[in-house]
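Dear colleague,

I am passing this structure on to you, with my notes set out below it. Please look through the model first and then read on.

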Amino acid sequence: MVTRRDSIWKSLDWVTITVYLILIVFGWFSVCGASYDYGDRDFLDFSTRAGKQFVWIICSFGLGFVLLMLDDSLYDMLSYLIYIGLILLLVVTIFIAPDTKGSRSWLILGPVSLQPAEFAKFATALALAKYMSAYSFTIRNWKNACMLAFLILLPMLLIIMQRETGSALVYSAFFLMLYREGMPGGVLFVGLCAVVFFVVGIRFDAVMMADTPTPVGEFAVLLMVLLSAAGMVWVYEKRWKPVRNMLAGSLGVLFIAYLLSEYVMHFNLVWVQWGLCALVIGYLFFLSLGQRRLSYLLIGLFALGSVSFLYSCDYFFNNVLESHQQMRIKVVLGMEEDLAGAGYNVNQSKIAIGSGGLTGKGFLNGTQTKLKYVPEQDTDFIFCTVGEEEGFIGSTAVLLLFLVLILRLITLAERQSTTFGRVYGYSVLSIFLFHLFINIGMVLGLTPVIGIPLPFFSYGGSSLWGFTILLFIFLRIDAGRNRRL
């Protein structure tokens, strides 16, 4: 056995650590600015949020040091134990956590509150990396795919039971890693279709087409289902005849039906689309049986599932989502304005960012944040403080730092010598990307407000430690990548 004995400090990726430290420092100053009260200059007082965050930062440095000192093989060996331990902690949290702003996700340990959902991310990433690094693993095996889905969906379900939907949605980011590791592109396409169908179906459900009693939302989604089915037949089978039959038949019948509805007798075109969808699905099943091609069967199931999904969206939106969640989605989609209610946070956040101008108002000089116009301005909406105090230049600098971090994580993940290291690295990358996209998006009013923190910026020990653990485990795995057995 030959082992490379280079010092851990020589093997560490200091570029990533430097970016991490800069983000931590910027984040602390942002917390100081967001939680500052006029006349209060003692930022290190533990009774203030800035003081508490400083303690969490010092602790995170110690935590990172300990993670780097451990042998990287321990993370491989203990992956399943760590995952099981965090799952049990999530289960316990459901029953013993007090109600905090409508959720039961925080464990109170004396003066400290911890959110296990933040730590379950790295545990899930380790479990996925361990399972996918097995010698016989292949992601196209349905048993392996079901096991991966179980590992991801179990913590999601437990966190939803804690009434923390936003934190649960973060776990969907692992599908980016699965795509990198060979998950069929069709799975990602189905996920994208689900999002598009939901948005279009909900947003335009009450909008009617011209002078007909046809809801635009249903019509558009069912048309996309028909076109997608034809497109998938061409992509996977490269046969023009079934594509021609599906497109010509569907579009021709719809055109004639539209003319009849517009000029002869008004009726709902969706009725015609139901019949067309039934015919297309039946046609695909017939081709599957006649030509013994599994792809036709799967495309037919996609079309059938898409239609079912469309009509389940309305029930899910109105009966499963909480009223405040419904309103947040309506505000983002432009269905409601509600500047005094669900849209208040986003509206005030955009005002704060816009008021910062090019160079910002300066540290501690932001009026929107100092006067507490923006709720949760030191946690979920911390980026508006950056925009107001540091302006466009400061906001761009922060985003560029995150871009450097993301690009560096891609580089580190690609240079791993083991499947375990690569899978874990892309899991870390996926989680950071999801947090950045959603958090910045909700502050700017581009995505629904689901309440997830901005890495290294938002106030809170659980999120800071969770991101630190995620990152430093990967840095330790990367430092040992050249070990040869």
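Is Cys 193 buried or exposed? Cys 193 is buried, because its relative accessible area is 8%, where buried means under 20% relative accessible area, exposed over 50% and partly exposed in between, with a 1.4 Å probe and protein chains only.

Before the rest, two remarks on how to read these notes. This is a predicted model, in which local features need pLDDT of at least 70 and side-chain atom pairs count only at pLDDT 80 or more, while totals for chains, interfaces and linings use all residues. Residues are numbered from 1 along each chain as its sequence is written, and side-chain values use heavy atoms, with hydrogens and water left out.

To stay with the cysteines, a search of the whole structure finds zero disulfides, a disulfide being a pair of cysteine sulfur atoms within 2.5 Å. The closest cysteine sulfur to that of Cys 193 belongs to Cys 313 and is 12 Å away, which is too far for a bond. Cys 313 is likewise in no disulfide, and with a relative accessible area of 5% it is buried.

As for the overall layout, the domain assignment gives domain 1 (78–170) and domain 2 (188–326), with bounds that come from an automatic or database domain assignment. The centres of domain 1 and domain 2, taken over C-alpha atoms, are separated by 35 Å.

The largest nonpolar core has 104 residues, of which Tyr 424, Phe 456 and Ile 473 touch the most other members; a nonpolar core is here a set of buried Ala, Val, Leu, Ile, Met, Phe, Trp, Tyr and Cys residues joined through side-chain atoms within 4.5 Å. Helix 19 gives the largest share of this core, 14 residues, where helices (H or I, at least four residues) and strands (E, at least two) are DSSP runs numbered from the N terminus. Apart from this core lies another, of 33 residues, which includes Met 232, Val 243, Cys 277 and Leu 310. Leaving out residues up to four places away in sequence, Ile 473 touches Leu 67, Tyr 75, Phe 122, Leu 126 and Tyr 424, contact meaning heavy atoms within 4.5 Å. Phe 456 is found in the loop between helix 19 and helix 20, is buried at a relative accessible area of 3%, and has a positive phi of about 70° although it is not a glycine. Most residues other than glycine have a negative phi.

Two residues of helix 19 (residues 419–443) deserve a look of their own. Ser 430 lies in this helix and is buried, with a relative accessible area of 2%. Although Arg 422 and Ser 133 are 289 residues apart in sequence, their C-alpha atoms are 9.3 Å apart in space.

Helix 20 (residues 461–479) is mostly covered, since 19 of its 19 residues are buried. In helix 12 (residues 240–263), the buried residues are Pro 242, Val 243, Met 246, Ser 250, Leu 254, Ala 257, Ser 261 and Glu 262, and what covers them includes helix 11 (216–237), helix 13 (269–291) and helix 14 (294–320).

Lastly, Ser 105 sits in the loop between helix 5 (79–96) and strand 1 (107–109), and at 0% relative accessibility it counts as buried. Its side chain makes a polar contact of 3.3 Å with the side chain of Gln 115 and another of 3.4 Å with that of Glu 164. Arg 163, in the loop between helix 7 (142–161) and helix 8 (165–169), counts as partly exposed at 48% relative accessibility and has a positive phi of about 65° although it is not a glycine.

With best wishes

Note on methods. Polar contact = N/O pair within 3.5 Å; in protein donor to acceptor, adjacent residues only side chain to side chain.
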